[in-house]
Amino acid sequence: MGTIKLNEGKTKQIIELADESGHVLVQSKDQITAGNAARKDQMEGKAAIANRTTSCVFKLLQEAGIKTAFVRQQSETAFVAARCEMIPIEWVCRRLATGSFLKRNPGVKEGYRFSPLKMEMFFKDDANNDPQWSEEQLLEKKFCLAGLTIGRCEVDIMNRTTVAIFEILERAWATQNCTLVDMKIEFGVNVSSKEIVLADVIDNDSWRLWPAGDRGQQKDKQVYRDLKEVTPEAMQMVKKNFEWVSERVKLLLEPQASGRVVVLMGSISDLAHCEKIRKACGSYGIPCVLRVTSAHKGPDETLRIKAEYEGDGVATVFVAVAGRSNGLGPVMSGNTAYPVINCPPITPDWGAQDVWSSLRMPSGLGCSTVLSPDAAAQFAAQIFGLSDHLLWAKLRASMLNTWVSLKQADQKLQACSL
């Protein structure tokens with residue numbers, strides 16, 4: 001491993017990796033600081049705690065589909081990341097008003113809830129105490145990093161991405177009955193891909209966490225900032241909180257609930273259509289079972305198959321695939337309390353007439369109709385996402401990535417037309 005130090009901050013060093021080009025080692029230090037290092041202490045074991053925390057958070061975000069610089073955890077106290085040129089802005093996202101926001105906005109009560117989230121940015125400038133910046137200031141600065149000029153499109157992407165990251169982590173922490181109050185993140189431009197990615201670290205210095213929404217139980221660095229005096233006992237308490245977070249954060253990677261999709265097809269001739277549903281379910285990590293049964297020709301068998309999947313306690317969404325007259329979806333829907341999605345394979349000849357058998361139902365039936373196989377799988381994923389934060393995170397990141405690719409396509413097109 002090479003040991004050329006590229007940069008050193010208050011809590012970490014960035015070291016160039018000679019044998020892995022385009023990558024760096026992010027090495028944490030056993031140091032805790034507050035108020036731009038006006039207060040600074042050694043905290044034994046902090047490097048390992050911070051590294052564990054940030055590695056888990058980055059894994060969670062990366063598995064969801066958020067672009068990050070993180071590559072892998074390398075040791076107790078370091079991780080490997082893609083080399084980035086950092087954008088010198090702290091992006092702050094708030095759900096509840098507290099801290100500096102209250103000082104800057106007198107009259108706002110602590111705990112005021114922002115929906116949508118409140119975004120702020122601060123220019124990284126220690127000499128001037130990281131002043132708050134407007135978007136206009138950032139745009140006028142025309143930063144150029146790794147060959148990428150930070151303009152309107154890039155600022156919009158960072159703004160949107162910050163909100164998505166906050167929402168994913170907020171949802172994850174909610175599974176531990178913990179309120180994510182606010183957080184700060186930083187972005188960099190990946191020197192190899194020239195993409196804007198989430199960089200730096202996200203650890204217990206980066207956010208406010210209130211278990212059960214109670215500020216009195218706060219577990220983040222604010223505990224250290226609030227100390228009247230730094231005693232060994234006080235530092236032990238701070239360390240305990242940091243350890244609590246690094247243990248809890250591992251639990252965020254565990255799925256909450258497993259569900260499955262059961263696709264029922266009226267005939268084996270519908271197999272190609274059903275395979276598309278199965279493939280799309282696979283992209284969300286949802287197990288998908290295919291069965292053949294006709295509610296018209298063998299209603300007893302259809303109901304027996306239904307009972308098989310109702311009887312084992314696994315949360316199930318049924319997808320009914322039947323061409324011509326769809327009896328399968330309505331019969332299922334009338335006989336199960338589980339969600340049923342109709343996804344009829346529509347043919348050009350009679351499709352316009354056939355679809356009515358999926359749309360117009362007797363009373364008391366609640367099945368939905370989704371024509372695209374991909375969209376049927378997505379709808380099932382959204383149902384499971386209500387109780388599984390990791391699945392919800394994939395859906396949320398996918399929404400962000402779709403938005404970003406449209407934005408970038410528009411920018412490329414404008415560049416060609418100029």
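Does Glu16 count as buried, partly exposed or exposed? In this predicted model, Glu16 has 25% relative accessibility, so it counts as partly exposed. Its side chain meets that of Arg83 in a salt bridge, 3.3 Å from N to O. Glu16 sits in strand 2, while Arg83 sits in the loop between strand 7 and strand 8, so the pair ties together parts 67 residues apart in sequence. Arg83 is also partly exposed, with a relative accessible area of 30%.

## Two further bridges

Lys124 pairs with Glu90, and their closest N and O atoms are 3.8 Å apart. Lys124 belongs to the loop between strand 10 and strand 11, and Glu90 to strand 9, so this pair links parts 34 residues apart in sequence. Lys124 is partly exposed at 35% relative accessibility. Glu90 is buried, at 13%.

Glu247 forms a salt bridge with Lys250, at 3.3 Å between the closest N and O atoms. Both lie in helix 6, three residues apart, about one turn of the helix. Glu247 is partly exposed at 43%, and Lys250 is partly exposed at 36%.

## The wider set

Salt bridges with shared partners join Arg94, Arg104, Glu120, Asp182 and Arg208 into one network. The whole structure holds 27 salt bridges.

## Helix 1 against helix 4

Helix 1 (residues 46-64) packs against helix 4 (residues 152-174) at about 115°, with the axes 11 Å apart. The two are therefore roughly perpendicular. Their crossing is right-handed. Helix 1 contributes Val57, Leu60, Leu61 and Ala64, and helix 4 contributes Ile165, Ile168, Leu169 and Ala172. Eight contact residues are nonpolar, with no polar and no charged ones.

Key. Residues numbered from 1 in each chain as written. Predicted model: local features only at pLDDT ≥ 70, side-chain atom pairs only at ≥ 80, totals over all residues. Heavy atoms only, no water. Axes fitted to C-alpha atoms, helices over the stretch in contact; angles between N-to-C directions. Helix = DSSP H or I, 4+ residues; strand = E, 2+ residues; numbered from the N terminus. Parallel < 35°, antiparallel > 145°, perpendicular 65-115°, else oblique. Left-handed = near helix turned anticlockwise from the far one by under 90°. Contact = heavy atoms within 4.5 Å. Nonpolar A, V, L, I, M, F, W, Y, C, P; charged D, E, K, R; others polar. Salt bridge = Lys/Arg side-chain N within 4 Å of Asp/Glu carboxyl O. Buried < 20%, exposed > 50% of the residue type's maximum accessible area, 1.4 Å probe, protein only.
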